[in-house]
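Please read the following report alongside the sequence and the coordinates.

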Amino acid sequence: MSKTRVLLVDDEEDLSLVLAERLEMKGFIARGAVSSEEALNLIENEEYDIMIIDIKMPGIGGLDLMQRVKQIRPKTQIILFTGHGTEKEGAAAINDGAFDYLIKPIKIDDLIDKINKAVNK
Amino acid sequence: MNILRKIVLSFLPISFGEQVAPEEDPGRYRKLWLRVVFLTAFVSLMPLIIMTFINYYQYKRVFEEEMIYPISRLTSNTRRSLSSFIDERRSVLDMIIRDKKYEDLRNQEKLTILFRNLKESFGGFIDLGVIDAEGIQETYVGPYELRGKNYREQGWFQDVRLRGIYVSEVFLGYRKYPHFVIAMTHEIDEGGFYVLRATLDMETVSRNILSLSHRPSSDAFLINREGVLQTDSRFYGNTFDTIKIAVPPISDKTEVVERYDDKGRLYILGYAYINQSPFILMEVTKPEEQMKNWFSLRNDLLWFLGVSIFLIILVILWGANYLVRHILEADLRHAKALHNIEYTSKMASIGRLAAGVAHEINNPLSIINENAGLLKDIIGATRDFPRPEKFLKHINAVTKSVERCSTITHRLLGFAKRIDTQIETIDVKHLIQEVVGFLDKEAKHRNITVDYHIDNYIPTIESDRGQLQQVFLNIINNSFDALDEGGKLDINIGHSEVDRVSVSIKDNGHGISEHDLQHIFEPFFTSGKEHGTGLGLSITYGIVQKLGGDISVNSQVGVGTSFTVSLPIKNK
């Protein structure tokens, strides 16, 4: 069974890269992107099973990025996360097509659990 | 007592000062009340009082005139009768003395015939006599033997010598019963003079003249200038007694005056000085009977005035209280609304600030968390890592602190952000009992008593169950924190307003200072206790506001604290 490919998108570089590294250590193939534009470039060439996207980012926001990803890579499951999220925003995100959402700071076990669920969907 | 207090409060401005905010002048509403009362009382009572007194004096004058006029007429008539009585007898004596010769009058037989004729023609004569210039009674006709009696040294003889005519006061004299005399001198041709003297019976005067006044409340009598009774009086005694009322001033006509006796009782005095005599005719009327109608009317007037004033004052007091209380309540509502606006605005600002802070902190927190997690992962994955437990201990301390910060930021966001509510029908009584049930063990452990006071009818409300649970759990938790072991919690559930249900949670704990009360719903405000984030009551406040309710708190240090949550029955 091949490893799950995960792309983390957050304008906080320290967060996305560290989280990617942690996921790598947990057995995933993970990459970090610091903007929506960078993420779009990456998915042009490569397919990811899961994308973890921060809702609030400069430039193209997380929700817009999700819509574009849905068009380019419809099979990719998306998990959103946010620093000021609420249940309301999370519910709205799921309605818009996200698999799930997480509120920062996240617990790595919760994230892995949601990734596995998304993969097995 | 409560009813009495309510009645008193509806008329008097007792609680005005207690209701105003501390910075306001507590006397402002009392001054307003006083102004309203005095102004209204003045404009309503003055015309009433003036009209009543005008009526009073008009009626009084009418009654007095009705009473004084008959007295005046009666006194005048009696005066005329009395004057006529004396004048007639004086005139006839004058005619005799001019018509008859001295020799004839000195003749006993002729004098006897003359006296008999006098008695038959004019009543009242007792005797008739002639006295010479030396005062010796020369001839005499009458019931006594007075011939030869010498009057030279008597006062009346001196008076008649000087004035030519004399009417005496009433006296007893030799006759030993009241009488008076009329005497006049006549000069004789040979020089010298003689005196014709007649004695008149006072009984005739009393019977024929003074008996004109026959009413039981009135009395007619004669006095002399010194106030000595010349006839018997019904009110003031017998002849020769001195009356206890003042002798009226000299007047040449009939007078009627109002006077008060030594006991302060009113009497009406009609009097007249009888010309060329020492007599004063007195007509005294005690007006009780005649004035009975007047007193009755006067009492009615005074009663009407008194009762009217009392009722008007009651209405004025009630009206002024009602008016000022409404102004006060409107001012209080206005002040409260302003305070609420300020407070809501302040809370909204704090909410926005909190959301921003929470978001900005969450990102670095996440970075700290993930880096700490990565370190932990690396240690776990590295064989022969030196003293890994020490590193893991420190990393765990970091992640624990991150978790603690995370809890705070999540709560802050919960305070600031609106969360979708799930409206359902809730039995408040049941919900409160459920919440208290969460703390049952603690209550038993700390020996805290929880008492319920629930109105007979509490309607169900439409609201969010979970959020209300959070609200009441926060409040009851706070109350438990304030209570010592063995403390008491009173929970009142009421339906005093038509469209609301109120829940009051009152503890007898430490209480909250006035300063702390002003900030109690602000985020991060704590009373200095060791645990707690200071967000519980601010979140509670936000939830209650969002659910369309109100929350208020009253507290007194050392006595206890009471939180009251008022919730709408219908969710809007």
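A:Ser36 lies in helix α2 (residues 36-45) of chain A, where helices (H or I, at least four residues) and strands (E, at least two) are DSSP runs, numbered from the N terminus. The residue A:Ser36 counts as buried because 23 other C-beta atoms lie within 10 Å; a residue is buried if 20 or more other C-beta atoms lie within 10 Å of its own, exposed if 12 or fewer, and partly exposed in between, with C-beta atoms placed from the backbone. Leaving aside residues up to four places away in sequence, A:Ser36 touches A:Val9, A:Met57, A:Gly59, A:Ile60 and A:Leu65, a contact being two residues whose C-beta atoms, placed from the backbone, lie within 7 Å.

This is a predicted model, in which local features need pLDDT of at least 70 and side-chain atom pairs count only at pLDDT 80 or more, while totals for chains, interfaces and linings use all residues. Residues are numbered from 1 along each chain as its sequence is written, and chains are lettered from A and ligands numbered from 1 in the order in which they are written. Chain A averages a pLDDT (the predictor's confidence in each residue, from 0 to 100) of 89, and 94% of its residues score at least 70. Where pLDDT is low, the predicted coordinates should not be read in detail.

Chain B has 14 helices and 16 strands, and 27% of its 572 residues count as buried. In helix α8 (residues 292-381) of chain B sits B:Leu314, which counts as exposed because it has 11 C-beta neighbours inside 10 Å. Two pairs of residues that are separated in sequence are set out below, with distances taken from C-alpha to C-alpha.

| Residue pair | Separation in sequence | C-alpha to C-alpha distance |
|---|---|---|
| A:Ser36 and A:Gly61 | 25 residues | 7.1 Å |
| B:Leu314 and B:Phe11 | 303 residues | 7.3 Å |

Helix α3 of chain B has 72 residues and reaches 100 Å from its first C-alpha to its last, close to the 106 Å expected at 1.5 Å a residue, the expected span being 1.5 Å times one less than the number of residues. Helix α3(B) bends by about 30 degrees at B:Leu45, and a proline, B:Pro47, follows within four residues; the bend is the angle between axes fitted to the seven residues ending at a residue and the seven starting there. The buried residues of α3(B) include B:Tyr29, B:Trp33, B:Leu74 and B:Ile96.

In chain B, 4 strands form an open antiparallel sheet in the order β6-β9-β8-β7, strands being paired if DSSP finds at least two bridges between them. Its edge strands, each pairing on one side only, are β6 (218-223) and β7 (255-260) of chain B. Strands β8 (residues 266-273) and β9 (residues 280-285) of chain B pair over 6 bridges in the antiparallel sense, and B:Tyr273 has B:Ile280 as its bridge partner in β9(B). Helix α3 (residues 28-99) of chain B packs on this sheet, touching β6, β7, β8 and β9 of chain B, and its direction makes about 30 degrees with that of β8(B); axes are lines fitted to C-alpha atoms, for helices over the stretch in contact, and angles run from 0 to 180 degrees between N-to-C directions.

Elsewhere in chain B, strand β11 (residues 449-454) runs parallel to strand β13 (residues 488-494), joined by 6 bridges. Strand β13(B) also pairs with strand β14 (residues 500-507) of chain B, in the antiparallel sense over 6 bridges, and β13(B) and β14(B) form a hairpin with 5 residues between them.
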